Every structure is written in C-alpha cells, then in structure tokens.
Amino acid sequence: MDLSKIAVSINKAINTQEVAVKEKHARTCILGTHHEKGAHTFWAAVNRLPLSSNAVLCWKFCHVFHKLLRDGHPNVIKDSMRNKADLTDMSRMWGHLSEGYGKLCSIYLKLLITKMEFHIKNPRFPGNLQMSNRQLDEAGENDVNNFFQLTVEMFDYLECELNLFLGVFSSLDMSRSVSVTAAGQCRLAPLIQVILDSSHLYDYTVKLLFKLHSCLPADTLQGHRDRFQEQFKKLKGLFYRSSNLQYFKRLIQIPQLPENPPNFLRASALSEHISPVVVIPAESSSPESEHVVETDDLVDTDVPALPPALETKFDDLFGTSAAIDPFNFNSQNGLRKDDKDRLIEQLTREIQALKDELESFRLESGRLCQALRGRVNELEAELAEQSHLRLQAAGESEFLKAELDDLRRVREDTEKEQRSLTEIEKKAQANEQRYTKLKEKYSELVQSHADLLRKNAEVTRQMTVARAAQDEVDVVRREMQEKVKAAQEVADRQERDQLEQLQELQRELVSSRTELDSLKTTMASSQQSSEVLSTQLVALESEKAELVQSLSKVEAELAVHGEELERVQSSLATERESGVKTAEALQNQLNEKESREQALESQLVAARWSSLQGAVEEAEKIIQDSLAQIDDPAHISCTSSAGQSSCEGMLISTVCSDVCVHAHMLLFFISADYLASRCQASLDCMDRLHSAREAFLADNTGVSELVRVVTQCGHLVGDTIVQGSATSHMVPAGQADALSESVKACGAEALALLGQMKQQSSLSAADNGKLRAALEAILATAEKLRPRGLELQQGELGDLVEQEMAATSVAVESAAARIEEMLNNSRAVDTGIKMEVNERILASCTELMQAIKELILSSKNLQKDIVESGRGAASMKEFYAKNSRWTEGLISASKAVGWGATVMVDAADLVVQGKGKFEELMVCSHEIAASTAQLVAASKVKADKDSGNLHRLQKASRGVTQATAAVVASTKSGKSQIEEKDTMDFSSMTLTQIKRQEMDAQVLVLELETRLQRERERLGELRKKHYELAGVAEGWGEQQEGKAEDDHYSLNTPPNN
C-alpha cells in the first residue's frame, strides 16, 4: 500500500468539518498500520496537524486514534507511547475549557492514555479486548495478587470510558433529535468504540471478582464490590439511553445489562452471568453515507423507448407506414416540406417534453426508492429488535414460570427452613463462642506451658548454682573440720606434752620431797654430823631454791600454755559455731530450693497433663465435627455434585473435551485412592501414638511428643471420616452403606480411645486395637473401590510403559517419513497454487511431527528422573507397579499421541490428493494437541517443579501447541485459496427472482441448521459410547454401575454458539 495514499486518507479522516469520520478513510488508516507494521506514518501525518488550536480536529483525531488502538497493528500501542507526554499536555490544555469539544477532547485524551498504559502493563490483552476465559486466567498467572491488581486497573479503565460517555451525553441537547444531525453524529460516533470496550471490561470485571471472592475474604473485597455496583448503575443507564437513539439502531446492537448486579457472595451466581455481546451488523452503512443518493440508479443515459400509448397515437395520425418511416423521407415532395417540418418540430417538442416528464418521474421514483430503502432498513432493524425482544420476553416468561413454580414449592418449606436456619445460626454462634474460648484457653495453655518451661530452666539453673554452692560449702566444711581436727590434735599433743612435763616435775618434786624427808630423817638421825649435814643442807636448800625457781618457771609456762589453750579452744569454738551456722543456712536454702523445685515439678506435671487433656479434647472435637458432617445436607450435596460440576466445567473447552471425558469417574477413583492414603496415614499414626503413650508412661517428661501425635491422629482420623463419607456418596448403595457404617464405627472407636486417654487412671489401659481394626476395615473397602487397571503383573506393567513409548516414537517417525514422501510426490505432480498450498500444509505437518518427537524425548527423560528419584531401593518395574494409576495414564497418553499422528498423516495424504477435507486435518490437529496435553499432564504430575527436564517438557509442549496452530492456520489459508468463491450477479435479476432465491437460501439455512443439530446429537452419542467403552477397558463398569449414565452425559450436547 502506498504511504502517500495512507497520508491522504489520514488528512481526509481528520479534518475540521463537524461531521463523523468516514468509515473508508478510517479503514484505510487501519490497513496502513498493518501494512507498515506500526504507526510511524500516522504520527508523522498527525504531528503536522494543529490539534492544539482546533477542538473539532482534535476530537476527530481521538476517534481515529481510538480505532487504530483497537483494530490496528499491535505495534501501534508501542509506537504511540513515545507521544504520551504530548497527549498528556494536550489533555491538560483542553481541560481548561469547561464546555464544548474542548472538555470532551480532554476526557477522550485521558481515556486513550489510560488505554495505552493498560495494554503496556498487560500485554496479553489485545487492543480490541477480546479474550477467552483461559486467556484471562493466563493473564493473571494464577496469582491472586495479580488478579487483585488487574481488577483495580480495569475499574480505572472503565471509569474513563464512563466519563467520556457521560461527557458526550451531557453536551448534547437530548430534547431534540440530535442523532440525525451531522454535528450530533460527530459527537456520538466515537461512542461505538466506547460501547465495545465497556462491554468487555464489564464481563472481565465480573469474572475476576468471582475468582477473587473464591480466594479472599468478603470483607477484603468490600471496596471492590462498592465500586463495581456504582459503575454497574452508570453503565446500565448509559446502555439504555444509547439503545434508544436512532443513530445507533442501524449501526450497532447494544446489549442490556441485568436488572440487578451479580451477587459475588454466592459462588453459584457465576453460572447465571451472561456475557454482554455487542453486535455490529455486517451490512450496516457508515454514518456519513446515510443520505447519499445513488445517482447511477436514478439517471439512465439510454434513450427511452416510446410508451405503447404514444406509438398508437402516432399510428392513428400518420398510418402504419408512418410508424416504419415516420417522416416519409422516401416519398416526401417539396410542396409539403413546411408542414412536415412543423410536424417534426411539434413531435420533437412533445418527445422532449415526454422525456423531461419521464426524467422527473425517474428522479422522483429514485428519491422515493431511496426513502423506502431507508424506511425498509429502519423497519428491518426494528423488526430484528422486536424479534430479539420477543425471544427475550419468551425466555423470561418461561424462566419466570419456572421460577414461580419453584417459589411455590419453596414457600411451603420456608418456615421450616427458617426455623432450622435460626437453630443452625444459634448453634453456629455457640460453636463459634466455644471455639473462641477454646482458642483463648489453648493460647493460655501454650503461654503457661512456655512460662513453665522458662521457670523450669531457671529453677534448673538455680539448682545447679545451689548444688555448686553446696559443693563449695561441703569442701569448706571438710577443710574446717580437717583444720579443727589438726588444731585439736596439736592442742592435745601439746597438752599431753605439758601434762607429761608436769607429771615429770611432780614426780621429781615428789622424789625431792621424799629425799627431803629422808634427809630430814637422816638429819634427825644424824644430828651429830651437823656440819656435814649443814653444808649438805645448804647445798640442798640452794638446790631446793633452784628447784622452786624452776618449778615456778614451769608453772608460769604451764599457765601461759593454758591461756593459749583456752584462747585456741575459744577461737575453735567460735569458728565451729560460725561453720555450723553457715552450714545450717545453706541447708535451709537447699531445702527451700528443693521444696520449690518439687512445687514447680508438680505444676509442670499438672501443666503437661492439662496440655495432654487439651490436645485430646481438641482431637475429640475434630472427630465429632467430622462425624457431624456425615449427615450435613450441605456436605452431602457438595460431595455428590462435585464430580458433575467438575465435569461440566471441563466439558466447556472443545479442544480438551476428549482429555476430560472421564472426569467424573476419575474424580471418584481419585477419592478412593485418597481415602486409602488417609487410612494408611492414620494407621501409621496409630503406631506412633502407641510408642508415644508408652514413652510418656515410662517418663512423663516426654508429653510434647504425645500431644503432637494425639493432635495429628485427630486430624488424620477426622480427615479419614470426612473423606470416607464423601466417597460413600459416589459409590453404589450397598457399598455406600457398608463404608458409611465403617466410618461411623471408626469415629466411635476414636472417641472411646480419646476418652480413655483423658483420665490418668485409664491412660495405661487405653488400647487402640479396635480403632486400628476399624481403620483397616475402611482401608480394605477403599482398596476394593480402586479400579482394576489393566490387570497386568508387576513386571508386565513396567515393560508396557517402555513398549508404548517406543511404539509412539516409531509411529511419529513413520508419520514424518510419510509426510516427507508426500511432499516430494506433490512437488513432482502439482503446480501453481495447489503445489504452494500442499507444500505449506505438509511443511507445517512436518514441523508438528518434529515438535511431537521433541515432546516424547523430553517426556522420556522426565520419566527417568521421576523413577530415579522415587523408586529408592526398588527396581524400575516395581516403581511402575506401585504407581499403577500414573503408569496407566502414561500408557493411555502415549497410545493417543501415536494414534493421532497416524490419523493426521492419513488425513494430510487425502487432502494433498484432493480426496480429503481440510476440516479433517484441522480436527486431527486438535486431537493431537489434546493427546499431547494429556501426555504432558501425566508426565509432570509426579515431577519436581524445579526439574530441568520438566522445564524442557513444558517448552516442548508449547512448541507442539504452536505447531498445531500453524497446521490449522495453513489449512485454513490453503482452503481459502483453493475454494472458489462465486460472486453473485444481481444486475439481470428481477425482484421476483431475488425473492425466490432469498426463500431458497432460507430453506437451505434451515436444512443446514437441522443437519447441524442432528450431528451434534450424534456427537453426544459417540462421546457417550466412548465413555462407556473407556469405562469397560479400565474397570469402571462393575464399580459405578448405572451411575455414570445419569451423572455425566446430561451435558454431552454442546452449546449452539
């Protein structure tokens, strides 16, 4: 496309005339962006326009720019972001005006800036905002925070759309028919884009709010609900006012929003939500071409034939020959020339007058035809609207009738339900209060337990210190005793020495006295020798004096030693008394600490027992709550309809319908598997409970392990009861009654065991044998409910996995080789467009086969990682046998991929030969996409999320999806090139012929619709039969006899749209 032509169209579309933008100029601008893959030419032309000086020019620029953002190339948004600052300044400048186009331009520019920012932040959203539910989920990346932020951004976006809506309506004089004037149409034309955007934003906001309410508390989303209700009221009123304008009736069909906004607090209200659909008629004329007169149909340049009445009059005047030769040039003569000339002139004037009259008739008839065409279009639009309203009213009438019947039935039970609801609310409040009190008590127990542990640590530390001090006191006492003993020994030894010396002195004194007595006797007897005796006496006296002196000295020394002995004894007694007092004080402190330790120990024992009782009571409440849920109607309805609801949601997607055809039955078997796993976990917990109880009886300090095991046991047994009840709602009546009785018996035995553990006297006698037997009975029932599988031996199941993966690889390799062979044959035989189409289709099929090979290789590597990480000491075959359900999923997915590749090659071969249908190739592509999705899901269900092979598998899966899309796209393109489109020629057809062909076309449309309905019913029957055969192959029939037919295939008829 020539860039100069694009620039001319831009200048023609954006001008100062107060009329709506012509559709052909806007369409040329949009095609120009796709041609150059951007908006460089558009901005180069716009930057030369005086947008800041002319409000009408700026308004029409906003209209054209809005169309480019919606329908232009995706790079238009990126190229326009560099002009964001200029647009912001222009909006601020026009915002200073309070009326007219200036205020509207400011609001419109703010809307366009918000739209660009929204699409830059959320690149997954296209410019026209058309997305599927799956794409909307992917836009939030399954993160509630992203959905929350996305909802706020959509609120801001919709707020700008509503501001422009209100601004345009407030600037128009609605008391006059402004929608038929050029100025009114200039202001109303951009609202078509606003209506298209607003309908999508409203739909996505409703869906996101339902998703947020399923993940977050209702109080957190109160602001979202208030803002939505405010925007809902505005949007509903604006849609209603727009639908009444004559201008919009022929250009767009505006949807009507429901009477009341959706109730987001009720999750089931999402199924009642109907997405608003804006319909733009394919043959609607643009605003600027409403009053254009088709002059080619009104003016005929050919010379008209004379009417029959005029020919008859001419023959009556001049005869029959005059009709052949009216002026009789062959026989005229000179005498009558003037009369003939006058007659010719008269006839010429009459003919000219008749021509003028005929021309006026033609113009008048053309004007009337144009007016009638406009009236017919208006009546057809009104008829379509009335038909739509009639159908809507009929639907509403049927709905209201059904609702009235339901209300009549419900009214009879309203009072009873109200009373039961009141009782339930009272019970709920009482339970909530009990739960609050228990929670507070549990918090207090935890706090007191922590305080006791801290006090125990402190007491232990103090006891350690006291023991150390006692040890020191004992050491000091022993040292003092040793010192006292040593001092006593020294004193005793000294005393003995002194006593010995005294005794020796006394003996010497006694001996001296005896000698003195002997001397006296000798002196008395021998007075004769007085001189000798006197001398001896003097000597004896002197010796006696010396002895007396020595005796006094000895007595003085003895007195000194006695004083020293008394002093030592007094000091020793003082030290002994102080040591005894210190020992008594330390002994008293030790006794006090021992008494406090005993008190703390008793408190700790009481706290341990109270924590154990609290854990047992909590486990009892959990089990009692689980038993209460067995007969709860809400629980029964939820578990009974879960499979059907899940299947309904899964059957919506056309591509994945073959993958989820067994959704309801798989949910039942998953429930049985999960029940078995819960029972096994409960049995393991019973062993740990027994060990913990024995350990607690041997040493009561190990209460924490027993509390933990009791709590876990309560949760596991309660979960087993709830899951067993849910599984019993999905099995036949006989098995359901047996399973329900086993579950109730398990709950009763668990309560009895916990009741024994609450008392200290009966704790040692508590026996979990009955509870274990009840759990083993539930486990046996769950094992019986599991599917029989493929009934293979353990070794055969592992071998079959390898065989099926190898067979799939061989099938894909064979398919790739056949495609290459077909491509070579097509190049040798076909030419022109057919060869080009065949090459494109076969090339895309080759790419798809290559992507499937990479997917299978990645799946094999991932399976090796899963087996190596999960089998432990077991062999690979034992691992496959242990995980039989997963292994069967791999086998089924591998078969589906290989079969899909083979069928696709056959379809491609027939298409290349000209014998097949392009639709078969597209269906095969979709089937391969579904099979590879099943293989990916089965491969990554047990994989580590950080595994490199898992990332490569996901990348290969995306490659298969892209290759499948390429196959479908090349098939559609080739079909459009090969098929011949006949252009109907209406130039030679009369009104009757056109009406006849219109009736034939309507008959053909009705026949095709009837055939389409029959084919849809046939598709539903085929899917039902496929479901039954799959159930027989995998062992569903004996365990779900008669249930699958009622639960699943009430949904097998797809919607008509």
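A salt bridge is a side-chain nitrogen of Lys or Arg within 4 Å of a carboxyl oxygen of Asp or Glu. The model described here is predicted: local features need pLDDT of at least 70, side-chain atom pairs count only at pLDDT 80 or more, and totals for chains, interfaces and linings use all residues. Residues are numbered from 1 along each chain as its sequence is written, and side-chain values use heavy atoms, with hydrogens and water left out.

**The chain as a whole**

- The secondary structure consists of 32 helices and zero strands, where helices (H or I, at least four residues) and strands (E, at least two) are DSSP runs numbered from the N terminus.
- The chain has 1057 residues, and 34% of them count as buried; buried means under 20% relative accessible area, exposed over 50%, and partly exposed in between (1.4 Å probe, protein chains only).
- The chain has an accessible surface of about 62,000 Å², and carbon and sulfur atoms account for 54% of that; the areas come from the Shrake-Rupley method with a 1.4 Å probe, and for residues only the protein chains shown count as cover.
- Of the contacts (heavy atoms within 4.5 Å) between residues at least 6 apart in sequence, 79% join residues at least 24 apart.

**Salt bridges**

- The whole structure holds 21 salt bridges.
- One of them joins aspartate 89 to arginine 92, with the closest N and O atoms 3.0 Å apart.
- Both aspartate 89 and arginine 92 belong to helix H6 (residues 84–94), where they sit three residues apart, about one turn of the helix.
- Aspartate 89 has a relative accessible area of 44% and is partly exposed.
- Aspartate 137 and lysine 211 form another salt bridge, at 3.2 Å from N to O.
- Aspartate 137 is in helix H8 (residues 133–139) and lysine 211 in helix H11 (residues 191–213), so this pair ties together parts that are 74 residues apart in sequence.
- Aspartate 137 is partly exposed at 28% relative accessibility, and lysine 211 is partly exposed at 27%.
- Arg70, Lys115 and Asp197 are linked in a network of salt bridges.

- Arginine 678 pairs with aspartate 719 in a salt bridge whose closest N and O atoms are 3.7 Å apart.
- This pair links distant parts of the chain, with arginine 678 in helix H20 and aspartate 719 in helix H21 (residues 703–728), 41 residues apart.
- Arginine 678 is partly exposed at 21% relative accessibility, and aspartate 719 is partly exposed at 23%.
- Tyrosine 674 is also part of helix H20, and its relative accessible area of 34% makes it partly exposed.
- Leaving out residues up to four places away in sequence, tyrosine 674 touches Asp719 and Gln723.
- Tyrosine 674 and threonine 727 are 53 residues apart along the chain, and their C-alpha atoms are separated by 9.5 Å.
- Arginine 693 lies in helix H20 (residues 663–698) and is buried, at 7% relative accessibility.
- Apart from neighbours within four places in sequence, arginine 693 contacts Leu706, Leu763, Ser764 and Ala766.

**Helix H28**

- Valine 903, in helix H28 (residues 884–913), is partly exposed with a relative accessible area of 28%.
- Valine 903 is 88 residues from alanine 815 in sequence, and the two are 9.2 Å apart in space, C-alpha to C-alpha.
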